Amino acid sequence: MDRQAMILAAGRGNRLRPLTDTVPKPLVKVGDCSLIEHHLHKFCQAGVRELVVNHAWLGKEIERALGDGSDYGLKIDYSPEPEEGLETAGGILQALPSLTDGVQPFCVVNGDVFTDYPFESLVKRILPDGVLAHLILVPNPTFKEQGDFGIKGSMATLEKDYTFSGLSVLHPTLFQGLQPGRLALGGLLKQAIAEQKVTAELYEGYWSDVGTLDRLEKTRQDFELNFNKNK
């Protein structure tokens with residue numbers, strides 16, 4: 001079974017208002033492509049052929065923009081959520097039947113980040129027996145006083161040394177026994193980390209959480225300087 005992927009695209013984007021009053025956050029453009037399109041291209045290049053996109057606020061706009069995925073060499077399944085969303089773990093749980101056979105891990109990427117992390121590494125990542133997640137961590141950005149997790153050897157720790165990038169490989173067992181509804185991923189990861197069931201790596205390349213208008217403008221400037229091959 002080929003590795004499948006999910007792009008989390010259900011966020012409201014309150015800190016990007018008024019832009020996100022009419023444009024869903026994942027469709028905000030960096031260069032000629034929207035944030036989510038950058039992910040689609042990278043997943044296709046990494047060999048992914050099927051992925052799931054969840055959505056809530058202005059979700060139909062996402063479906064209209066991306067269609068069935070054929071323009072990107074992909075097959076996209078959509079997982080609609082209530083307007084307020086189901087949060088990260090709740091959204092993944094709802095999409096699980098379309099993501100995995102219950103045995104195979106899958107990639108997850110936040111729809112509102114921009115990064116040059118090699119998606120091939122996500123797609124090829126093997127989770128050792130008993131490991132429920134692999135997290136990509138990044139150095140803490142200037143807008144965060146402390147991080148989310150740490151690393152000791154290859155294992156994730158509960159130290160707040162680094163920031164979770166929003167890129168991960170997750171095993172369906174992480175969601176076993178959960179009831180449908182609103183649920184954040186952070187609590188599940190912390191529990192699994194405490195049980196030494198999560199690996200992690202530190203990525204020090206380009207990563208931006210496009211969460212505010214200022215950060216969006218900075219990401220656009222960085223893109224033009226460093227990533228725009230059409231210049």
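**Reading side-chain features**

Modeller: This is a predicted model, in which local features need pLDDT of at least 70 and side-chain atom pairs count only at pLDDT 80 or more, while totals for chains, interfaces and linings use all residues. Residues are numbered from 1 along each chain as its sequence is written, and side-chain values use heavy atoms, with hydrogens and water left out.

Colleague: Is Glu 224 buried, partly exposed or exposed, and why?

Modeller: Buried means under 20% relative accessible area, exposed over 50%, and partly exposed in between (1.4 Å probe, protein chains only). Glu 224 has a relative accessible area of 32%, so Glu 224 is partly exposed. Glu 224 belongs to helix 6 (residues 213-226); helices (H or I, at least four residues) and strands (E, at least two) are DSSP runs, numbered from the N terminus.

Colleague: How many aromatic pairs are there, and how is a pair described?

Modeller: A pair of aromatic rings is described by the distance of the centres and the angle of the planes. Rings of Phe, Tyr and Trp (its six-membered ring) pair if their centres lie within 6.5 Å; planes under 30 degrees apart count as stacked, over 60 as edge-to-face and the rest as tilted. The count comes to nine aromatic pairs. One of them joins Phe 114 and Tyr 206 edge-to-face, at 6.0 Å centre to centre with 70° between the planes. This pair links distant parts of the chain, 92 residues apart: Phe 114 is in strand 7 (residues 113-115) and Tyr 206 in the loop between strand 11 (198-202) and strand 12 (207-209).

Colleague: Which charged end sits over the ring of Phe 114?

Modeller: A charge sits over a ring if NZ of Lys or CZ of Arg is within 6 Å of the ring centre and within 35 degrees of the ring normal. The charged end of Lys 42 sits over Phe 114, 4.9 Å from the ring centre.

Colleague: How many salt bridges does a search of the whole structure find?

Modeller: A salt bridge is a side-chain nitrogen of Lys or Arg within 4 Å of a carboxyl oxygen of Asp or Glu. The search finds eleven salt bridges. Among them, Glu 87 and Arg 182 meet at 3.2 Å, N to O. Glu 87 lies in helix 3 (residues 87-99) and Arg 182 in the loop between strand 10 and helix 5 (185-194), so the pair ties together parts that are 95 residues apart in sequence.
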